Amino acid sequence: MMLLRRLRPLLLLLVCAALTGASGAWAAEPLRIGSKRFTESYILAEVLAQTVRADDPSAGVEVRQGLGNTAIVHAALKAGSIDVYPEYLGTIEREILGHPATGAPLEQLQAELRPLGLAIGVPLGFNNGYALAMRSAQARELGLTTLSQLKAQPALKLGLSNEFLGRADGWPGLSKRYALPQSPTGLDHGLAYRALADAQIDVTDVYTTDAQIAALDLTVLADDGHFFPRYDAVLLYRIDLPQRHPRAWAALQKLQGRIDETAMIAMNAQAEVKRQPFDAIAREFLAAHGQKSAASGSSASASASGSASAAPSSSPGAETARSGLWSRLTGPDLGRLTLQHLALVLGAVALATLVGVPLAVALHPWPRWREALLAVCALLQTVPSLAMLALLIWAMNRIGPVPALIALTLYALLPVLRNCTVGLSEVPEGLTTAARALGLTRGQVLRSVQLPLALPVMLAGLRTATSLSVGTATMAAFIGAGGYGERIVTGLALNDQTLLLAGALPAAALALLFEGVFGLTAWGLARSRGA
């Protein structure tokens with residue numbers, strides 16, 4: 001009970017801070033720009049943000065990078081968590097509107113999006129379609145130039161991105177159109193290129209503007225069956241955006257037709273091959289095309305939004321400065337990411353404690369109900385974290401720290417509840433009987449006998465819950481909740497192992513720090529009892 005009293009102020013502080021930040025963001029009504037979790041989307045989001053800031057340096061702009069796949073970003077847009085993001089017509093038709101085929105007139109698409117509160121605008125000027133690619137040397141050896149020829153090569157190992165495997169305009173429709181016999185393996189899009197270069201897979205899906213196609217000398221297999229639709233880049237936005245942010249919308253319209261495929265491939269190459277930060281790439285593009293850009297870049301948007309908007313380097317133009325692990329680890333975003341990660345972990349463990357301990361105490365005399373609750377909590381542990389986040393986004397109609405905090409609390413609940421139950425069960429029955437014989441009430445027995453004796457086991461549960469939360473909290477970056485996962489998500493998108501380490505190592509250090517704190521607490525508790 002003493003432990004609950006100590007944690008209550010911390011919990012209230014964290015919850016109030018989260019709610020205050022959320023309400024303040026809505027009150028100020030900044031322009032919120034989202035992106036998916038691949039290089040091109042990161043870059044385009046920065047181009048949008050810098051275009052708006054260049055027109056109005058005082059404009060409030062938030063960039064919420066790497067939110068996830070189409071379903072998550074679309075849900076964020078419908079919920080109002082973002083106002084606009086770069087999307088592709090083929091994806092809008094097939095994935096969002098569910099058309100069995102593509103090529104519908106733009107007026108029809110607008111009419112179907114209007115009931116959803118969405119609209120299409122500002123065609124950017126390039127097409128980025130899906131394709132399958134393989135190493136050129138292997139393609140020449142096997143004589144492969146088209147997708148239809150894959151049917152005669154059942155032994156080829158296909159490693160496809162997870163989204164492509166599930167999309168109607170991806171593997172399900174492609175394999176049916178060409179009667180392909182292969183059984184592909186799911187991979188992250190950024191990691192697939194490394195697997196292809198190392199000959200761990202033979203074929204992967206690519207975007208036609210990917211810089212890695214030329215960098216790795218890949219052959220794009222011709223779509224001779226004309227399966228893939230065009231994916232012309234556009235802005236998908238909330239229908240009230242032009243009214244709420246008229247000046248920002250006017251600035252965004254200046255981008256219409258300004259980015260061709262050559263320019264987009266070059267920008268992707270700057271990120272994936274030269275390891276340039278996204279904000280520097282956007283600034284260079286806008287400057288080269290006669291448009292000034294905001295000098296503050298993505299670091300300003302990161303501080304405004306509390307989510308990643310670029311790789312964490314403070315020296316965008318210096319590739320050598322970005323190449324070292326130490327410079328990545330100690331980047332200017334380290335403090336912000338650490339505070340976000342701490343808030344998520346401590347908030348989740350505090351909530352799990354405030355919920356789990358009273359439940360364990362209340363159900364302790366009722367073994368069947370207690371076991372049923374433990375079984376439900378154990379079942380929650382089997383739900384993949386990304387699936388849990390997606391369900392919470394759908395249920396709460398929002399992204400950001402609140403659904404992330406709830407997800408982490410659900411995962412932390414089992415060790416807190418289980419250890420509290422075990423600790424109470426290990427208190428000798430004779431001691432509680434003796435306490436009652438002395439005239440103590442049930443509440444007094446609980447406070448003076450059971451909880452103090454169960455405290456070491458309960459503390460072990462908090463220790464486990466905290467360690468689990470530190471690792472799981474990295475997934476919060478997928479829905480714009482911040483934390484060290486921002487670096488990990490960006491590193492995955494760029495296949496940048498140094499940036500991955502720059503996110504993983506601080507998380508590991510934080511877990512070790514918590515282990516040390518709990519270890520000292522347990523030692524102090526044991527020593528006080530021994531005295």
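Residues are numbered from 1 along each chain as its sequence is written. In this predicted model local features need pLDDT of at least 70, side-chain atom pairs count only at pLDDT 80 or more, and totals for chains, interfaces and linings use all residues, while side-chain values use heavy atoms, with hydrogens and water left out.

**Exercise 1. Describe the largest cavity by volume and lining.**

Step 1. Grid points are joined across faces, edges and corners, and a volume is the space filled by probe spheres set on the points.

Step 2. The whole structure holds 5 cavities of 30 Å³ or more. The volume of the largest cavity is about 110 Å³.

Step 3. Its lining includes Lys36, Glu87, Tyr88, Glu163 and Arg167. By class, the lining has 5 nonpolar, 3 polar and 4 charged residues, where Ala, Val, Leu, Ile, Met, Phe, Trp, Tyr, Cys and Pro count as nonpolar, Asp, Glu, Lys and Arg as charged, and the others, Gly among them, as polar.

**Exercise 2. State which helix supplies the largest share of the lining of the second largest pocket.**

Step 1. Arg37, Gly68, Asn69, Asn162 and Glu163 are the closest to its centre among 29 lining residues.

Step 2. Helices are DSSP runs of H or I with at least four residues, strands are runs of E with at least two, and both are numbered from the N terminus. Helices that each supply at least two lining residues include H3 (70-79), H7 (162-166) and H24 (485-494).

Step 3. The largest share, 4 residues, comes from H3.

**Exercise 3. Count the disulfides, and classify Cys377 as buried or exposed.**

Step 1. With a disulfide taken as a pair of cysteine sulfur atoms within 2.5 Å, the count is 0.

Step 2. Buried means under 20% relative accessible area, exposed over 50%, and partly exposed in between (1.4 Å probe, protein chains only). Cys377 has 2% relative accessibility, so Cys377 is buried.

**Exercise 4. Explain why strand S10 is largely enclosed, and find its partners.**

Step 1. In S10 (residues 233-238), 6 of the 6 residues are buried, so the strand is largely enclosed by the rest of the structure.

Step 2. Two strands pair if DSSP finds at least two bridges between them. S3 (residues 84-88) pairs with S10 in the antiparallel sense over 5 bridges, with Pro86 opposite Leu235.

Step 3. S4 (residues 118-121) also runs antiparallel to S10, joined by 4 bridges; Ile120 has Leu236 as its bridge partner.

Definitions and conventions. 1 Å grid on protein atoms, 1.4 Å probe; cavity = no way out; pocket = protein on both sides within 12 Å on 5 of 7 lines; lining within 4 Å.
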